[in-house]
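Subject: Structure for you to look at

Hello,

Here is the structure you will be taking over. My notes on it follow below.

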Amino acid sequence: ILKGKTAVITGSTSGIGLAYALAFAAEGAAVVINGFGDAEAIETIRGELAAASGAAALYDAADMTKPEQIASLVERAADETGSVDILVNNAGVQHVAPIESFPPEKMEAILAINLTSAWYAMRAAVPLMKANGWGRIISTASAHSLVASPNKSAYVMAKHGLVGLTKTIALETAQHGVTVNCISPGYVWTPLVEAQIPDTMTARGMTREQVMNDVLLAAQPTKAFVTPEQVAALALFLCRDEAKAITGANLSVDGGWTAA
Ligand code: NAD
């Protein structure tokens, strides 16, 4: 369903972003992946994506804290593949600490990577999508765009902000064939979640098992982690023509977390 289209996915060298890239490539899209990681591993992923799609697969190392690199990521994607039809703002980082010991530089980095980067990427991609009369912008928000948890002040403020940005750009593009939505996962088992377990153990004085069961899955009524593939399946649906009336929405994939 995505033959001839290009998807740019920020933060797609692992986790949910990689699942989006694989899902889009399987439908024939050219994909532009981005994020950090081992160069050889990234090159292997790039090759697999190209083989799966039969289309271009590019890697761009743009740092989401650098506005000029974000703009050039979008420009390069358009130059080398012919268009940017789908933009997925997915890069994200987390830091867990009470506000009084939360390092300001970590707060600034979370805002830049999880929120401001999406503004810059949309600013670069929207004119291309408007000119084509078709576009899909999807941002990975979080259950933390709807509810809060202690010790995640920067992340919760960034994810709430992403929803406001999404609504605004949905209105600005509503008559141009472009839809703009957030997907809000609950806990998905990825490196991002694994990495916050030690900090949560320290912040709450808990064991690893207690953090998994009493903090992470405590919030999720299904008592199961969401999978990256389940999140990517919704993104793929949003790219279909049947989904063109869905815009400005924040769609939960959270095992019932925000229903509670
Ligand atoms: P992940 O750590 O596996 O992936 C994060 C990606 O972002 C990686 O590719 C990483 O290299 C990239 N990245 C980090 N800093 C970057 C920077 N400065 N510039 C460019 N790329 C950068 O994590 P994930 O869990 O797959 O998270 C993806 C998104 O999903 C994030 O926005 C996260 O907030 C969101 N999310 C995750 C969960 C979860 O439970 N895992 C739940 C809700 C929302």
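**Two loop residues**

Asn 151 has 20 C-beta neighbours inside 10 Å and therefore counts as buried, the cut-off being 20 or more. Please bear in mind that this is a predicted model. Asn 151 sits in the loop between strand E5 (135-140) and H5. Its phi is near 75°, a positive value in a residue other than glycine. Most residues other than glycine have a negative phi.

Lys 223 also has a positive phi, of about 55°, although it is not a glycine. Lys 223 lies in the loop between helix H7 (208-216) and helix H8 (228-239). Is Lys 223 buried or exposed? Lys 223 counts as exposed, because it has 10 C-beta neighbours inside 10 Å and the limit for exposed is 12 or fewer.

**The nonpolar core**

The largest nonpolar core has 65 residues, and those that touch the most other members are Tyr 20, Phe 24, Val 31, Ala 125 and Ala 235. Helix H4 (residues 104-132) gives the most to this core, with 11 residues. Leaving aside residues up to four places away in sequence, Phe 24 touches Leu 2, Ala 7, Ala 29, Val 31 and Ile 86.

Two packed helices are described by the angle between their axes and the distance between the axes. Two contacts of H4 are described here in that way.

With helix H5 (residues 153-173), the axis of H4 comes within 9 Å and crosses at roughly 15°. That makes H4 roughly parallel to H5, since the angle is under 35 degrees. The crossing is right-handed. Residues of H4 that take part include Met 107, Ile 110, Leu 111, Trp 119 and Val 126, and among those they meet in H5 are Tyr 155, Leu 162, Leu 165 and Ile 169. By class, the contact of H4 with H5 has 14 nonpolar, 3 polar and 3 charged residues.

The axes of helix H3 (residues 67-81) and H4 come within 9 Å and cross at roughly 30°, so H3 and H4 are also roughly parallel to each other. H3 passes H4 in a right-handed crossing. On the H3 side the contact is made by Pro 67, Ile 70, Ala 71, Val 74, Glu 75 and Ala 78, which meet Ser 117, Tyr 120, Ala 121, Ala 124, Ala 125 and Leu 128 in H4. This contact of H3 with H4 has 10 nonpolar, 1 polar and 1 charged residues. Ala 125 is also one of the core residues named above.

Regards

Definitions and conventions
Residues numbered from 1 in each chain as written. Predicted model: local features only at pLDDT ≥ 70, side-chain atom pairs only at ≥ 80, totals over all residues. Core = buried A, V, L, I, M, F, W, Y, C linked by C-beta atoms within 7 Å. Helix = DSSP H or I, 4+ residues; strand = E, 2+ residues; numbered from the N terminus. Contact = placed C-beta atoms within 7 Å. Axes fitted to C-alpha atoms, helices over the stretch in contact; angles between N-to-C directions. Parallel < 35°, antiparallel > 145°, perpendicular 65-115°, else oblique. Left-handed = near helix turned anticlockwise from the far one by under 90°. Nonpolar A, V, L, I, M, F, W, Y, C, P; charged D, E, K, R; others polar.
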